[in-house]
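Here is my note on the model, point by point. Please read it with the structure open.

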Amino acid sequence: MNAMNPEGYVTADGRKIGGVLMEMKNITLRFGGVKAITDISFDIREGEIRAIIGPNGAGKSSMLNVISGFYVPQEGEVWFHGKKRAPMKPYQVAQQGIARTFQNIALFEGMSVLDNIMTGRLTLMKSGLMDQAMWWGRAQREETEHREKVEKIIDFLEIQHIRKTPVGRLPYGLKKRVELARALAAEPKLLLLDEPMAGMNVEEKEDMCRFILDVNDEFGTTITLIEHDMGVVMDLSDRVVVMDYGKKIGDGPPDEVRSNPDVINAYLGVSHD
Amino acid sequence: MPDQLLYAMEVSLNGLMAGIMYSLVALGFVLIFKASGIFNYAQGVLALFAALTLVGLQQGQIPFSHVINAIFGTELHSFGWTLPALVAIALTALVMVGLAWLIERLVLKHLVNQEPIILFMATIGLAYFLEGLGDVMWGADIKKLDVGLPQGISETIDAITFNAFGYGFFIDRLDIVAAVVAALLVASLTLFSQYTKYGRALRAVADDHQAALSVGISLRFIWVLVWSIAGFVALVAGIMWGSKSGVQFSLSLIALKALPVLMLGGFTSIPGAIVGGLIIGMGEKLFEFFAGPLIGGATENWFAYVLALLFLVFRPQGLFGERIIERV
Amino acid sequence: MFYREAGDFKTSYVDDSQTFPIRFDRMRYYAVLVLGFGILPFVMNDYWANAVFVPFLIYAIAAIGLNILTGYCGQVSLGTGGFMAVGAYACYKLMTAFPWMPMPVNVLLAGLVTAGVGVLFGLPSLRIKGFYLAVATLAAQFFLVWLFNKVPWFYNYSASGQITAPERTLLGVAVTGASTPAWAKYLFCAVFLFALAWLARNLTRGTVGRKWMAIRDMDIAAEIIGVNPLTTKLSAFAVSSFYIGIAGALFFAVYLGAAEVGEAFGIQKSFLILFMVIIGGLGSIFGSFAGAAFLVLLPVLLKNLLVGGLGWPTDLAAHIELMIVGALIIVFLILEPHGLAQLWRVAKEKLRLWPFPH
């Protein structure tokens, strides 16, 4: 396997990975005087499952926030689809086809599961205020079309039975699944998952792994995820970025990263000076 | 010195004095907001209620006499005694503590863990209730409040400024007393919160409810305490405002004046409440002095709000508030 | 028993997203329409129109408007009175400047003008959140009332500073002015309420409504999934102000006939509408109706009971009303933060199963 080949590579299990979808170049992010991310570069290829790992406070979530436009890095460039991304608001990033889930679930608690997932399609729905107000005609047609797509995702994630339940009443594991459904509903080109398995039991984790692999497989969605469970990361991902104290200390296929001495040090807690 | 400038100076000074009065009310808001995250809209009505109770007790009015008269057709009005001012103030303070306890019992206890905006709306309800209660208990007529505070023009300042500029400033002695009282109040509140056991508990609760609970601080006691203190601050504000302009419904509207003060100073900062009050007091008097005649006057009605609004657009956390970092 | 949804199957997503998915609800909705438009106009008299129905209809419009902003989009506003004043004064200026203009057009244009003003005062909502915004909307309230009070152009330089609605007819019947029949007032307002409630329902069940609710429930997450906070919040301010402006125009032109801005559209009005929304239910169109009905009826009932029944003085009754309204607000927030609408939903759940509890 050759990760540096610009045309892509073929994974051990025979999936074809394409060219570079997103590239982070020398990203540095500061909060006041504190450096959360220092000079990090890596790329994400089309069709790939890319993991970002590292100890707590390593800057993983900040990295994801930079990708989704929530934080603007002081230095560095973000390239998407071979073009340098101009500074933009998070909602504009979403409109470019980047969807995400959150570490602490960020669902709309006052709305039903169905409505929550429908919000994922907001970037794809076109009818305006006037169409909506009149309802009959364009707005209703659009609503129905998108509802069909959403129902497919509901089937796919096996949450038909809670379709009309207010999200606030759901248990944690299901909320995580609804959040994934909402992100999928946007039909993203790049899906960011921030600790999709945190706080789950083994069974729920297995389900979630299956969903992530299926999403990648069926829709060809590129996925970038942060996860603490090493077993999961090593099994799922094609390539792994390892961060520690805001710096990149390793990057490559799971096996390679596993044997990287810097990574072992960071995880086993060898002194840093 | 040109006259216009002298007048402006006098106006500014009076504005500062008015600002101190706003600060007094704002202080009560800040205390409750810090300790419980509740934006207490009823603070102004608390001041009205305190002033009404004080007058009623001082003049020996029979509470609820209107209702009793309406139901039984009697002609009750007064017990026929008058209490010394200090006794009446002490009794009113007790009433305010009792009220704080009741509010905790009947309202706050049931609204724990609700969203801040729900609590805010509950205090609007509380404001309505207390306003009605005050009127039903003591009658809605305008009352004169006199606890022996000095009033009228301050001769000293008049004389000093006359000697200095050839024009004597008009400063109400009551305003000077209010300034001194406000300073004392802030000083004692600071001492209380920094150096006593309860003050520490109060700050702990303000920082983090859960953590405070876990180290054994009784949230309910703290709430009664802080509402009592806020009630006491309201009493002081009520005395000052009541002595100045009589006890009537409009007194509760000073709460509305205190809101822009809070926006300016930040909801969590005691110094912010003071500085914000001074800025607003001086700003609105000066604006009225210079711009009022040109655009029809009575600009005090909105100036403070528009100032605070413009300010917030550029600095959403207020003058002294902490910087907000958003996270996901 | 009374409330059956078994056997009421949905075979398309269109069916599933209709306003009254349950047949029984649909029937009752038609019954209300027949009552409101087919029967009430024929039996309306002056007392019922002025004391109950017309204020109810107008407040319901205002409550739907505020509910869109506060209940659906989560932006608390205390400027409702000020925005109603904008609608009233816009309507007045239009009526007097263009006497030939049909009254419904005046009212709609007044709503549009208010929408514009609402957007202007909604701009700070992009930077200011929560209480800060609630307090900031007071700036709108006080500034607008002051403006209409102090700038004579707005009240056409009338000596009293009041605005008075001239008579305007629609299809030969007076709808404003002193000689308007009770049924015409009622019907004019009822048509507006019906149309506006229908539009509000459409807006809140689709894309726009979801954007609003997303901003309400978690604004940061909403932005990250692609909701533009600027246009979303401003659209809520615009639509809400449009409704409130229409309510203000009707309140002045049809209900009051003459108005003085501080008295008719003061801060008390802002609170009254907010209370309607809270008591009725945040985020519910039905709740807006329920809250408006409740707070229109309560004073009428209390007055009849205390003043008419027990012979108490009016001012005492007014103070007791204050206490009751205040206490009710607190009780509602404690027992049912979602208001009458939620109580109604719970009652329906119960009725579905009644008389078999399991």
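1. Two strands pair if DSSP finds at least two bridges between them. Helices (H or I, at least four residues) and strands (E, at least two) are DSSP runs, numbered from the N terminus. With that in hand, five bridges join strand S3 of chain A to strand S6 (residues 75-80) of chain A, and the two run antiparallel.

2. Ground rules. The model is predicted: local features need pLDDT of at least 70, side-chain atom pairs count only at pLDDT 80 or more, and totals for chains, interfaces and linings use all residues. Residues are numbered from 1 along each chain as its sequence is written, while chains are lettered from A and ligands numbered from 1 in the order in which they are written.

3. The sheet in chain A. Four strands form an open sheet in the order S4-S3-S6-S7, with antiparallel pairing. Strand S4 (34-45) and strand S7 (83-84) of chain A stand at the edges. Each has a single partner strand, so one side of each is left without a neighbour in the sheet.

4. A:Val20 has A:Arg45 of S4(A) as its bridge partner. A:Phe31 stands opposite A:Val34 in S4(A). Towards S6(A), A:Met22 is bridged to A:Phe80.

5. The turn. S3(A) and S4(A) make a hairpin with two residues between them.

6. Chain A overall. Chain A has 10 helices and 12 strands. Its radius of gyration (taken over C-alpha atoms) is 19 Å. The globule rule (2.2 Å times the number of residues to the power 0.38) gives 19 Å for 273 residues, so chain A is as compact as a globular protein of that length. Along the principal axes, the C-alpha trace of chain A spans about 65 × 40 × 40 Å. Of the 273 residues, 45% count as buried. A residue is buried if 20 or more other C-beta atoms lie within 10 Å of its own, exposed if 12 or fewer, and partly exposed in between, with C-beta atoms placed from the backbone. Contacts mean C-beta atoms, placed from the backbone, within 7 Å. Among contacts in chain A between residues at least 6 apart in sequence, 66% join residues at least 24 apart.

7. Chain A against chain C. This contact takes 35 residues from chain A and 25 residues from chain C. On the chain A side, the elements giving two or more residues are helix H2 (90-95), strand S8 (98-100), helix H3 (113-119), helix H4 (129-134) and helix H5 (138-156). H5(A) gives the most, with six residues. By class, that side has 18 nonpolar, 10 polar and seven charged residues. Here Ala, Val, Leu, Ile, Met, Phe, Trp, Tyr, Cys and Pro count as nonpolar, Asp, Glu, Lys and Arg as charged, and the others, Gly among them, as polar.

8. Chain C overall. The secondary structure of chain C comes to 15 helices and four strands. Its radius of gyration is 21 Å, close to the 21 Å from the globule rule for 358 residues, so chain C is as compact as a globular protein of that length. The C-alpha atoms of chain C fill a box of roughly 70 × 55 × 45 Å along the principal axes. Buried residues make up 52% of the chain.

9. The core. The largest nonpolar core has 296 residues. Such a core is a set of buried Ala, Val, Leu, Ile, Met, Phe, Trp, Tyr and Cys residues joined through C-beta atoms within 7 Å. C:Ile61, C:Leu250, C:Phe252 and C:Ile329 have the most contacts inside it. Helix H10 (residues 229-256) of chain C supplies the largest share, 17 residues. Beyond its neighbours within four places in sequence, C:Leu250 is in contact with C:Ile58, C:Val107, C:Cys189, C:Phe192 and C:Tyr255.

10. Chain C against chain B. This contact takes 37 residues from chain C and 40 residues from chain B. H14(C) gives the most to the chain C side, with 13 residues. That side divides into 31 nonpolar, three polar and three charged residues.

11. One residue in chain B. B:His66 is found in helix H3 (residues 65-72) of chain B. Is B:His66 buried or exposed? B:His66 is buried, with 22 other C-beta atoms within 10 Å. Not counting residues up to four places away in sequence, B:His66 touches B:Val136, B:Gly139 and C:Leu316.

How values were computed: Two residues are in contact if their C-beta atoms, placed from the backbone, lie within 7 Å.
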